[in-house]
Amino acid sequence: MKRLLAFSAALLLALGQEYRALPGANTGRPDLDHSYALVYPAPNPRAILLLVPGLLGGSTNFALLAEHLRAREPGLEVWAWERRANGLEDRSGFLLEDPMAYYRALALPDLSPLRGWGLEVHLKDLDLAVEAARARAPVVLAGHSLGAALAGLYALLHGEKLSGLVLLDGAPGVVPLAEEAFYEGADLPFGRLVGYRAFLRGEGSPVLAWPGLGPKELALAEAEAFLAARRPEETLPFGPYRATREALALLRVDDDYSLFPVFSVSAGRAWAREGLSLLGLLQGRIVFTPRGPRAGPIAWRDTGEATDPRAFLRAFALPETGFSEWYFPYRLLLEVGGYPYILPGLKPRALPYPLLALGAGRGLYPKAEDFPLGELFPGTEVRLWVLPGLTHLDLLTEREGRTAGILLRYLKGLGLGGPGGPP
């Protein structure tokens with residue numbers, strides 16, 4: 001196994017990436033007190049773009065964006081950050097011939113440490129990551145979705161350590177909780193939100209596990225994508241029919257078929273007879289589901305939408321890291337939603353550099369005025385963009401490099417980048 005891990009690390013370096021463990025907040029568990037980064041290194045970087053993933057997101061959320069950025073600006077070093085829970089993931093299955101079989105039998109680790117991993121711990125982890133990056137070059141912090149909330153809160157606390165701030169379809173308040181819901185809980189369509197007081201008494205799960213988005217489901221989705229990237233045309237059973245591995249993996253995440261729009265990309269269409277999903281209709285959404293093949297197995301077609309399906313699968317999972325955070329701490333979600341009650345002394349502040357906010361036309365912030373930036377960063381120059389037609393995740397995975405172009409123009413405006421490109 002050690003040889004396989006060494007080979008995997010060597011392969012990452014050959015691909016121009018390096019997976020690093022970073023110092024983390026001291027919680028009395030030196031084996032777990034780390035965060036991580038998938039680093040795209042530059043020999044003498046002019047700047048480091050430190051990217052923070054969103055809810056349930058892992059570092060390869062940013063793999064395709066990082067490739068666009070580095071291709072256009074070799075002097076930029078990109079760090080795709082990953083929260084400390086990645087240290088609990090058993091990724092040895094990706095070194096086996098059949099990772100799907102391995103993760104079907106996945107045994108959960110001890111999840112009790114997650115009860116202490118709230119907003120304070122993660123902000124300290126992020127501060128230590130910023131300090132590690134600052135030792136090499138000026139740091140621009142960029143967060144996506146809930147990661148944008150973390151990045152924005154960090155800037156309110158330590159904005160002087162940064163040279164720029166980017167909010168990608170998110171901001172502090174992206175998952176707002178009323179005070180009563182935060183402390184006492186609330187009934188949601190998918191179940192009961194355990195309140196903060198009950199959670200501190202030991203009630204509820206320490207890990208976020210929504211239906212279809214629990215740790216095992218996330219591990220299996222990564223394993224499925226990992227195999228689909230390597231053997232896309234291989235066929236497997238799919239109900240009474242057969243389907244290619246590529247189609248099976250993409251049916252989980254494409255915007256036409258996924259039951260979770262915030263976790264979907266627009267990556268093509270299944271070549272199949274289709275019907276409407278009853279679960280989708282119950283959500284008030286038109287969601288398709290394959291009812292059978294048109295000819296041969298159910299296959300996947302690249303229809304030229306925003307995200308290239310095969311590039312997306314190629315970037316989805318690596319032996320060290322992947323697209324998902326399998327063990328997302330429930331406490332972190334709760335405290336980010338209720339940050340005004342957790343950080344009552346946090347005050348709005350002006351930043352000494354412009355702030356870039358970039359929304360997605362089919363995402364959480366489809367209009368520039370949706371970003372609540374004036375009240376958070378009064379007196380700060382704000383540059384607002386919305387890319388039409390993109391889903392929340394397309395913003396990171398889109399094939400044309402529009403997101404990368406806007407980011408590079410922003411960096412150039414800060415004096416930290418090259419020519420950039422058109423939005």
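**Strand order, burial and salt bridges in the predicted model**

Strand β5, helix α5 (residues 146-158) and strand β6 form a right-handed β-α-β unit; a crossover is called right-handed if, with the strands pointing away from the viewer, the path from the first strand over the helix to the second runs clockwise. Helices (H or I, at least four residues) and strands (E, at least two) are DSSP runs, numbered from the N terminus. The structure is a predicted model, in which local features need pLDDT of at least 70 and side-chain atom pairs count only at pLDDT 80 or more, whereas totals for chains, interfaces and linings use all residues. Residues are numbered from 1 along each chain as its sequence is written, and side-chain values use heavy atoms, with hydrogens and water left out.

Strands β5 and β6 belong to an open sheet of eight strands with mixed pairing, in the order β1-β2-β4-β3-β5-β6-β14-β15. Strands β1 (18-23) and β15 (382-391) are at the edges, each pairing on one side only. From one strand to the next, the twist averages 20°, where axes are lines fitted to C-alpha atoms, for helices over the stretch in contact, and angles run from 0 to 180 degrees between N-to-C directions. Two strands are taken to pair if DSSP finds at least two bridges between them. Strand β5 (residues 139-144) is joined to β3 (residues 47-52) by five bridges in a parallel arrangement, with I48 opposite V139. Five bridges also link β5 to β6 (residues 164-168), again in the parallel sense, and H144 has L168 as its bridge partner in β6. Parallel pairing likewise connects β14 (residues 355-362) with β15 over seven bridges, R362 being partnered by T391.

Six of the six residues of β5 are buried, that is, under 20% relative accessible area, with exposed meaning over 50% and partly exposed in between (1.4 Å probe, protein chains only). Both faces of β5 are covered, V139, L141 and G143 being buried on one side and V140, A142 and H144 on the other.

A further open sheet consists of three strands in the order β12-β11-β13, with antiparallel pairing. Strands β12 (288-293) and β13 (299-301) each have a single partner strand, so one side of each lacks a neighbour in the sheet. The twist here averages 70° from one strand to the next. Strand β11 (residues 269-276) is joined to β13 by three bridges, and R269 stands opposite R301.

A salt bridge is defined as a side-chain nitrogen of Lys or Arg within 4 Å of a carboxyl oxygen of Asp or Glu; by this rule the count is 29. In the pair D125 and R84, the closest N and O atoms are 2.7 Å apart. Because D125 lies in helix α4 (residues 119-134) and R84 in the loop between β4 (76-82) and α3 (99-104), this pair ties together parts 41 residues apart in sequence. D125 is buried, at 0% relative accessibility, and R84 is buried at 0% as well. E246 and R310 also meet in a salt bridge (2.6 Å, N to O). E246 is located in helix α9 (residues 245-251) and R310 in helix α11 (residues 309-314), so parts 64 residues apart in sequence are tied together. E246 counts as buried at 4% relative accessibility, whereas R310 is partly exposed at 42%. The side chains of R201 and E203 form a salt bridge at 3.3 Å, N to O; R201 is exposed at 59% relative accessibility.
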